[in-house]
Amino acid sequence: MKKPLILAMILALTTTFAFADATADQLAQAQTLYEDGDYATALEIWSPLAEQGNAEAQGKLGLLYQYGDAVPQDYNKAIQWYEKATAQNNAAAQFYLGFLYDEGLGVTQDYAKAREWYEKSAAQGNAQAQSNLGLFYDQGWGVVQDYSKAHDWYEKAAIQGNTYAQYNLGLLYQYGDGVLQDYDKAREWFEKAATQGDADAQYNLGLLYQYGDGVPQDYGKAYEWFEKAAAQGDADAQYSLALLYQYGDGVLQDYGKAREWYEKSAAQGNSDAQEALQRLP
């Protein structure tokens, strides 16, 4: 007598799994469209899913409203969708809601609330939230400055490949903040971020090689890393690259190229570059 009930349960479970698979496919499709810049089509997919209560889609709608992609920018609507998603414990929405409080976008800036949402998200393994929590403790924003806690949160995010956390973790080791000063570890973390294209890490890696901090002094390697960062518009790297050309360190001395890089850096307000231009032969 129980067989029909069991069969009905199996059919119900099969239908549920099929629906879940279809939803997952739609979410993946929408994400691909979003990454390709087709925000309008992504919106068409996410909207009905969000209305049906899908937390991931709700968070994505919040993101569209936050940045004004395919919809008029509207922080209030972004918050409304993030709150729907965070009610279901969606880690990405928790991070973005924290970010709005962090930056004071659509709400009064509130580091305490930002930290609260970052912590919820970070506890679920969100690397961006972990990185930002590290920054809060690093800078003492809304919390007592604590380099040890900053290190712990940066490390969690850095292990996941977050470039900002890798760079900031490198800085802690470079200056010995909350950890024993260790240029080798600083170089290790700078390299991880630099190879992912982080200009700040590329510049700092160049400095280690320029001055021989924890590595054999190598102007050639310093030049390579400065050049990568300078090409991304980093004013300090542009200035450092100009210095190498001016004095012929690691490259053939070339006042013309030195002037070119000094000018790029000076145009961004770098006072050292501006002064160097006045003294350049």
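**The largest pocket and its surroundings**

A: Happy to. The largest pocket holds about 340 Å³ of space. Its lining is made up of 15 residues, and the closest to the pocket centre are Phe-95, Phe-99, Gln-128, Asn-132 and Tyr-164. A word on terms: on a 1 Å grid over the protein atoms alone, a pocket is an open set of points where a 1.4 Å probe fits, with protein on both sides within 12 Å along at least five of seven lines, and lining residues have an atom within 4 Å of a point. The volume is the space filled by probe spheres set on the points, which are joined across faces, edges and corners.

Before going on, please keep in mind that this is a predicted model, in which local features need pLDDT of at least 70 and side-chain atom pairs count only at pLDDT 80 or more, while totals for chains, interfaces and linings use all residues. Residues are numbered from 1 along each chain as its sequence is written, and side-chain values use heavy atoms, with hydrogens and water left out.

Three helices each give at least two residues to the lining of this pocket: H5 (91–103), H7 (127–139) and H9 (163–175). Helices here are DSSP runs of H or I with at least four residues, numbered from the N terminus. H5 has the largest share of the lining, with five residues. Sorted by class, the lining has eight nonpolar, five polar and two charged residues; Ala, Val, Leu, Ile, Met, Phe, Trp, Tyr, Cys and Pro count as nonpolar, Asp, Glu, Lys and Arg as charged, and the others, Gly among them, as polar.

Two of the residues closest to the pocket centre, Phe-95 and Phe-99, also belong to an aromatic cluster, in which ring pairs link them with Tyr-82, Tyr-96, Tyr-111, Tyr-118, Phe-136 and Trp-141. Rings of Phe, Tyr and Trp (its six-membered ring) pair if their centres lie within 6.5 Å; planes under 30 degrees apart count as stacked, over 60 as edge-to-face and the rest as tilted.

The structure has 14 aromatic pairs. In one of them, Tyr-34 and Trp-46, the ring centres are 5.7 Å apart and the planes meet at 50°, so the pair counts as tilted. Because Tyr-34 lies in helix H1 (residues 3–35) and Trp-46 in helix H2 (residues 39–51), this pair ties together parts that are 12 residues apart in sequence. Both Tyr-34 and Trp-46 are buried, where buried means under 20% relative accessible area, exposed over 50% and partly exposed in between (1.4 Å probe, protein chains only).

Tyr-223 and Tyr-245 make an edge-to-face pair, with 5.8 Å centre to centre and 85° between the planes. Tyr-223 sits in helix H12 (residues 219–231) and Tyr-245 in helix H13 (residues 235–247), so here the parts tied together are 22 residues apart in sequence. Tyr-223 is buried at 16% relative accessibility, and Tyr-245 is buried at 7%.

The charged end of Lys-264 sits over the ring of Trp-261, 5.6 Å from its centre, and Lys-84 lies over the face of Trp-81 at 5.7 Å from the ring centre. The criterion is that NZ of Lys or CZ of Arg is within 6 Å of the ring centre and within 35 degrees of the ring normal.

Back at H9, Thr-163 has its place in that helix and is buried, with a relative accessible area of 16%. Leaving aside residues up to four places away in sequence, Thr-163 touches Ala-193, Gln-196 and Asp-198, a contact being heavy atoms within 4.5 Å. Thr-163 and Leu-100 are 63 residues apart along the chain, and 21 Å separates their C-alpha atoms.

Helix H11 (residues 199–211) contains Gln-202, which is buried at 4% relative accessibility.

Finally, two loops deserve a glance. Ala-70, in the loop between helix H3 (55–67) and helix H4 (75–86), has a positive phi near 70° without being a glycine, and is partly exposed at 44%. Asn-89, in the loop between H4 and H5, likewise is not a glycine and has a positive phi of about 65°; Asn-89 is partly exposed at 45%.
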